[in-house]
Amino acid sequence: MDHHRTPLFTALTEHAAKNPVQFHIPGHKKGAGADQEFRSFIGDQALSIDLINIAPLDDLHQPTGVIAEAQQLAADAFGSDYTYFSVQGTSGAIITMIMSVCSPGDKIIVPRNVHKSIMSAIIFAGAKPVFVSPARDSNLGIDHGVTTRSVRRALEKHPDAKAVLVINPTYFGICADLKEIVDLAHSYEVPVLVDEAHGVLIHFHEGLPMSAMQAGADMAATSVHKLGGSMTQSSILNVNTKNGLVNPYRIQTIFSMLTTTSTSYLLLASLDTSRRNLALNGHDIAEKAIELAQDARKEINEMPGLYCFGEDILGGEATYSYDPTKLTIHVRHLGITGYETENWLRDHYNLEVELSDMYNILCLVTPGDDKETIDILLQALRDLSEQYYNVNEVQELVVKIPEIPQLSLIPRDAFYGDTEIIPFKESAGRIIAEFIYVYPPGIPILLPGEVISQDNIDYIRDHVDVGLPVKGPEDRSIHYVKVIKEETAIFE
């Protein structure tokens, strides 16, 4: 295929150049009806291709023209049989994956440290999650992916599972042996779905981990916008039908059900053009990002009190390979938290990081970086090291997670069940009807349908008391929690 072509973007610019008189949405009509400050900032060229699914521009819900061509080119670039463009982010692609293979009551094997979109999809589908604990890194205080061994145990116990979902790579860039996990699941005739949100570049460079499509996975949701140059909220779903375990027509149907009918052509065009750039230049731009990141990693590891893992982390079942463009910087030996580090970098260097937790910050090196941006990061970290090393007491690294609770109801039944609000401290033994996540380390502690234990209550309250962010429940202070209402027996 000719990857110099951009069928959708070209059709948009050619249509805009004709300057048609528009009596259709969007109502700003090429910017004329927009707020003038916004119009001036965004520019008339962008607004001129903010269009809708009129005949010359195809329809994402049933593509037969330029969108279909753009998706075929993307499939060729990413090594898939089908590629679907998402204007609902990777979350929309993940929900599509799960809902296309799971019906009410079906089991799906998932890591415990899943993105909230995965649990949303399980609730929408009425599926029953079979949780697998990720491997925990006691040196860094982070979680990796699931291992082949743990997936095998789950499949042996639940051979009727409709899918296995794997995160590859993790947020921190770590991968297990995905090919081994895929081959194992396929031996049970179970499809493998991959949350590949943080792995768009791995398709284009042999020095990066194996991609989901290269490993033979059946579906993979991939965030082109995170690292591949497209606009925020634009992602793709890659599908491999060679194993006969997924149905591309059902996938398209589910995708259409979940997607707005007012699809953003700006987002779609950015996917089309990013595919061109990655297909033609992906190896070179990935190589540049890798070199910049590896140079930065070497210098960071020479700074007192800072540590950035590299190949030294490899060798375990959960640490089969890694993406070097993710700089996970461990700051505990400076006597400060990752949260404090993030704020310090913002206040002193106008520098924003991707993520912080109790012990680490995460910085992403992408094709948008150059030596100048890396030098700013390194200078900031040198100053941080000089200011804090050997000043504060170094806290012991503690990562304690309660056992995974008993799942008493499938999440959908709990989420939509008859509920009541009770004091959290009095909730032991009750079935929770909402989510509670505690960071760090990012694993959900309680999910709808699980039985609350006293250990859960103590663990969560300890984190709330020291000011760590808690996500999920309607009462953010966690004084109250929503649980399934218990019916009192009626006696004649």
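I started with strands: two of them pair if DSSP finds at least two bridges between them. Helices (H or I, at least four residues) and strands (E, at least two) are DSSP runs, numbered from the N terminus.

Ground rules next. I'm looking at a predicted model, where local features need pLDDT of at least 70, side-chain atom pairs count only at pLDDT 80 or more, and totals for chains, interfaces and linings use all residues. Residues are numbered from 1 along each chain as its sequence is written, and side-chain values use heavy atoms, with hydrogens and water left out.

**Sheet.** I looked up an open sheet of 4 strands, and its order reads β11-β13-β15-β14 with antiparallel pairing. β11 (307-308) and β14 (355-356) are its edge strands, each pairing on one side only. I then followed β11 to β13 (residues 326-330): their antiparallel pairing runs over 2 bridges. Cys 308 sits opposite Ile 329 of β13.

**What lies on it.** I found helix α11 (residues 265-300) across β11 and β13, at about 10° to β13. Axes here are lines fitted to C-alpha atoms, for helices over the stretch in contact, and angles run from 0 to 180 degrees between N-to-C directions. Contact means heavy atoms within 4.5 Å.

**α5 and α6.** Helix α5 (residues 89-101) packs on helix α6 (residues 116-125) at about 40°, and the axes are 9 Å apart. That angle makes α5 oblique to α6 (under 35 degrees is roughly parallel, over 145 roughly antiparallel, 65 to 115 roughly perpendicular, the rest oblique). On the α5 side I listed Ser 91, Ile 94, Ile 95, Ile 98 and Met 99; they meet α6 residues including Ile 118, Ala 121 and Phe 124. The contact has 9 nonpolar, 2 polar and no charged residues (Ala, Val, Leu, Ile, Met, Phe, Trp, Tyr, Cys and Pro count as nonpolar, Asp, Glu, Lys and Arg as charged, the others, Gly among them, as polar).

**α12 and α13.** Helix α12 (residues 338-349) meets helix α13 (residues 371-388) at about 115°, with axes 11 Å apart. This crossing is right-handed. I saw Trp 344 and Tyr 349 among the α12 residues in contact, and Asp 383 and Leu 384 among those of α13. By class I got 6 nonpolar, 3 polar and 1 charged.

**Glu 302.** Glu 302 is exposed, at 57% relative accessible area (buried is under 20%, exposed over 50%, partly exposed in between, with a 1.4 Å probe and protein chains only). Its C-alpha is 30 Å from that of Phe 204, 98 residues apart along the chain.

Definitions and conventions. Left-handed = near helix turned anticlockwise from the far one by under 90°.
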